[in-house]
Amino acid sequence: MKKIKKVIFVFLLFFIAGSIWLPCLNFLFKVDINSYRTKEGIAPKTQLLAQRQMRNWENYSKKEKDISKMRVVNAEWDFMGRTFFVLSLANMACMEPSKTEEYLNTIDRVIDDTLELEKKKGKYYFLMDYARDSEFLSKQKRSIFIDGEIALMLGARRLLEEKQTYKKEMEKRITLMISQMKQSPVLSAESYPDECWLFCNTAAIASIKIGDILGTGENVEFINEWLEVLKANFIEPKTGLLYSSYSVDGNIYQGPEGSSIWFAAHCLQLVDEVFARTQYRLAKEELARHVMDFGYAKEWPSSYKTGSDVDSGPVIPFLEISAGSSGLAFVAAGAFDDDIYLQKLLTAVQFAGFPIEKNGELKYGASNQVGDAVLLYGLVVGPLWEKAKSLEANKYEKVE
Amino acid sequence: MKRWNRTSAFFSSKGMLLRAILGSIVFFIIHFLGWREYTTILCGSAPTGEALSTFGIFKMVTYVSSYLWFWVMAPILILTAGLLWISNKISNSQS
């Protein structure tokens, strides 16, 4: 009896000790957001994060090792890692105009490598294997996942400095994408056979918008029509969030999910800032959570459960922490200047992301190249879209 | 041996302190062995670019467990040991 009493007493003390320690843990890992994101330029830690990826692209074997780690699991990650890295560099070039040439060299290296791989190995190289299970329904038999993100990379590059070969390539892709989207009654193109993803279609629309800003603006009407169709057909009534995937005919496959909505909201900023901000606010209400200031994001809203897929990444039960959604929440928090949420996410990553800093480089142990590129993008996002918007504003001023 | 059993009894201050320290030593050893790299398995990637090996998964699980032990469990055990020591002191002085 005495022993049992002692055990209960020790457990009580253990509980008290835990109540004292656990809230302190947050203070030990809390980061100074200015080390990661500043208005004045690229923050020191972000510089280290970028440095690693830039050095890897200078060193073929290091780059191949980094990429093969991901391709073992998902070929899409290889491709998306490239997109987020290029977008990051384009934003960094806007922040540091004196280093534009250096950034442009790396951007061009990534784009050229991607275009060459696509040409050599075909459209399936950056897609998951199930893309081969059936035929694409569109006449072009292309994936908007590939075309949209390549066009986005080309557009980001061209916003910094025009390059004729990229201009042609981008215009070709935009024509193909619009033609493909117009074949669908809901103006959406397939990422995989008869699978239209919000993520990919919003990326495509952002690239079309950039194409318009850099060109003659001939697709304004199409973009407006696309937005109307999106708002009319793809808003989930309970949450007000956009659905994640649907068929070419508009039949819903998957409800709102974090791994789609955060990035989609960011892409929508270019075409409808108010709608984009509303989607971000709703996504935050439904998906953003924190425990003792360790921020994270759920993959699915509480009111709309849907099936898991590879994009969701591992989901930790009970708290429903999703790696995929939390990573992309960085992008949205950065894009919508939500420093409070960004700091909470950074605090969580500092604790559970296992940062590894050596030789003037930073990477996250629990992440991979695409994860690090997404984090990097979340920390530098903003100036490129601002530049696009100011170019657009100047264009209309001239017209008026 | 008897002394070991006595001091390492889990519900004693010394036992808890000992476990906190031993777990932390394990963490430091595997941290300096570079097993942190294996945490990339958490996102499904293989640290070497080849298929995931059982030993790789073992390294990841060991690293993450010892990391959590060091940052979460060990401090709680040390605090519990301290609180237990204080309460023992108080009850001894009263008796």
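**Entry 1: ring pairs.** I began with the aromatic rings and found that ring pairs link Phe29(A), Phe294(A), Phe351(A), Phe354(A), Phe27(B), Phe28(B), Tyr63(B), Tyr67(B), Phe70(B) and Trp71(B) into a cluster. This is a predicted model, in which local features need pLDDT of at least 70 and side-chain atom pairs count only at pLDDT 80 or more, while totals for chains, interfaces and linings use all residues. Residues are numbered from 1 along each chain as its sequence is written, chains are lettered from A in the order in which they are written, and side-chain values use heavy atoms, with hydrogens and water left out.

I took rings of Phe, Tyr and Trp (its six-membered ring) as paired if their centres lie within 6.5 Å, with planes under 30 degrees apart counted as stacked, over 60 as edge-to-face and the rest as tilted. By this rule I get 27 aromatic pairs over all chains. One of them is Phe79(A) with Phe126(A), with ring centres 5.0 Å apart and planes at 35 degrees, so I list the pair as tilted. The two residues are 47 apart in chain A: Phe79(A) is in helix H4 (residues 75-95), and Phe126(A) is in the loop between helix H5 (100-121) and helix H6 (144-160). I took helices (H or I, at least four residues) and strands (E, at least two) as DSSP runs, numbered from the N terminus.

For burial I used relative accessible area: under 20% is buried, over 50% exposed, and in between partly exposed (1.4 Å probe, protein chains only). Phe79(A) is buried at 0%, and Phe126(A) is buried at 1%.

I then looked up Phe27(B) and Tyr63(B), whose ring centres are 5.7 Å apart with planes at 50 degrees, so this pair is tilted. Phe27(B) lies in helix H2 (residues 13-32) of chain B and Tyr63(B) in helix H3 (residues 54-94) of chain B, 36 residues apart. Phe27(B) is buried at 5% relative accessibility, and Tyr63(B) at 0%.

**Entry 2: cores.** I defined a nonpolar core as a set of buried Ala, Val, Leu, Ile, Met, Phe, Trp, Tyr and Cys residues joined through side-chain atoms within 4.5 Å. The largest has 126 residues, of which Phe84(A), Ile208(A), Trp262(A), Phe263(A), Leu268(A) and Tyr341(A) touch the most other members. H4(A) gives the most to this core, with 12 residues. A second, separate core of 20 residues includes Phe29(A), Phe351(A), Trp35(B) and Ile41(B).

For contacts I required heavy atoms within 4.5 Å. Leaving aside neighbours within four places in sequence, Trp262(A) has contacts that include Tyr280(A), Leu287(A), Ser325(A) and Tyr341(A).

**Entry 3: a buried Asn.** Asn201(A) is in helix H8 (residues 198-214) of chain A, and it is buried at 0% relative accessibility. Beyond its neighbours within four places in sequence, I find Asn201(A) in contact with Ile144(A), Met181(A), Ser188(A), Ala189(A), Cys196(A), Trp226(A) and Tyr246(A).

**Entry 4: chain B and the interface.** Chain B has 3 helices and 0 strands. Of its 95 residues, 39% are buried. I count 31 residues of chain B in contact with 35 residues of chain A. Together the two chains bury about 2,700 Å², 73% of it on carbon and sulfur atoms; this is the accessible area (1.4 Å probe) lost on putting the two parts together, summed over both.

For salt bridges I required a side-chain nitrogen of Lys or Arg within 4 Å of a carboxyl oxygen of Asp or Glu. There are 2 between chain B and chain A. One of them joins Glu37(B) to Lys358(A), with the closest N and O atoms 3.8 Å apart.
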